[in-house]
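Please read them alongside the coordinates.

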Amino acid sequence: MAMESSLLFGVYSQMKLALQGGDPGSGRPKLQIVVPSAAVGGALISFVLCPAELIKCRLQVQEKDNRQLKKHPQRYAGPLDCALQTLRNEKVQGLFRGGLTTFLRESIGNAVFFSTYELTRYHMLSIISVHAKVNPQMDSQSSQFVNYSSKIVIEAGVGVVSGGLAGIAFWSTILPLDVAKTRIQTAPDINASRNPIYTIRMIYRELGFRGLYAGLGPTLVRAFPANAAAIVTWEFTANLLGVKR
């Protein structure tokens with residue numbers, strides 16, 4: 001997660017800055033800049049996420065009561081053992097099983113994520129700015145410290161809401177791809193199809209629309225606080241380091 005977040009936010013902010021000609025800008029977000037910047041960042045982190053998530057998923061779904069594994073109830077002893085067995089049985093390409101699905105999930109999902117974040121943040125700050133002009137007393141504090149503290153609280157609040165909503169938008173959009181990715185990565189047959197479209201169609205045929213959104217509730221409950229924390233931390237760290245974004 002540390003490597004993923006570092007790559008994603010770093011690539012997104014720097015590519016967006018480059019496409020804007022080095023000027024971070026303060027106007028309405030331009031989706032023709034936000035979308036490709038986010039998609040490229042998402043595409044890059046998919047190469048980190050795919051093997052990590054393959055190991056995680058296989059450890060989570062390993063069968064403890066499989067009849068063929070009576071002597072060894074757990075197929076994998078841990079993450080390292082899972083990685084080594086995968087390399088031994090499926091070679092390097094085995095670690096990247098589900099790579100295309102992960103690539104699509106992260107590129108599409110992060111385009112939605114950052115578009116939602118940027119637009120929500122822009123509109124919230126615009127509303128706050130208009131309200132401040134209507135109520136000048138908000139900006140007439142006698143202490144600069146109070147003004148500075150208020151600014152931090154407002155920016156944190158905006159970050160929480162915009163980040164949380166962006167996380168919900170992300171998972172609401174790409175959960176079918178995530179469900180397909182998990183099925184591809186945990187399939188017992190190593191020769192099973194890796195085609196995400198085919199897998200999504202099979203899930204829909206077996207379980208219907210609800211099958212494609214299995215686990216949506218817990219995912220959304222996690223998505224809001226997790227992404228709110230990520231956005232607030234990113235914004236605070238960037239401001240602390242004086243990094244343009």
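How many aromatic pairs does the structure hold? The model, which is predicted, holds nine aromatic pairs. The points below take up some of these pairs and a related helix contact.

1. Are the two partners buried or exposed? Tyr-12 counts as buried because its relative accessibility is 0%. Phe-114 likewise has a relative accessible area of 0% and is therefore buried.

2. Phe-114 also pairs with Phe-113, here edge-to-face, at 5.0 Å centre to centre and with 85° between the planes. Phe-113 is buried, as is Phe-114.

3. Ring pairs connect these residues into a cluster made up of Phe-9, Tyr-12, Phe-113, Phe-114, Tyr-117 and Trp-234.

4. Helix 1 (residues 2–19) packs against helix 8 (residues 216–241) at an angle of about 55°, and their axes are 12 Å apart. Helix 1 is therefore oblique to helix 8. The crossing of helix 1 past helix 8 is right-handed.

5. At this contact, helix 1 contributes Phe-9, Tyr-12 and Ser-13, which meet Ala-230, Ile-231 and Trp-234 of helix 8. The contact residues comprise five nonpolar, one polar and no charged.

Methods:
Residues are numbered from 1 along each chain as its sequence is written. This is a predicted model: local features need pLDDT of at least 70, side-chain atom pairs count only at pLDDT 80 or more; totals for chains, interfaces and linings use all residues. Side-chain values use heavy atoms; hydrogens and water are left out. Axes are lines fitted to C-alpha atoms, for helices over the stretch in contact, and angles run from 0 to 180 degrees between N-to-C directions. Helices (H or I, at least four residues) and strands (E, at least two) are DSSP runs, numbered from the N terminus. Angles under 35 degrees count as roughly parallel, over 145 as roughly antiparallel, 65 to 115 as roughly perpendicular and the rest as oblique. A crossing is left-handed if the near helix is turned anticlockwise from the far one by less than a right angle, and right-handed if clockwise. Contact means heavy atoms within 4.5 Å. Ala, Val, Leu, Ile, Met, Phe, Trp, Tyr, Cys and Pro count as nonpolar, Asp, Glu, Lys and Arg as charged, and the others, Gly among them, as polar. Rings of Phe, Tyr and Trp (its six-membered ring) pair if their centres lie within 6.5 Å; planes under 30 degrees apart count as stacked, over 60 as edge-to-face and the rest as tilted. Buried means under 20% relative accessible area, exposed over 50%, partly exposed in between (1.4 Å probe, protein chains only).
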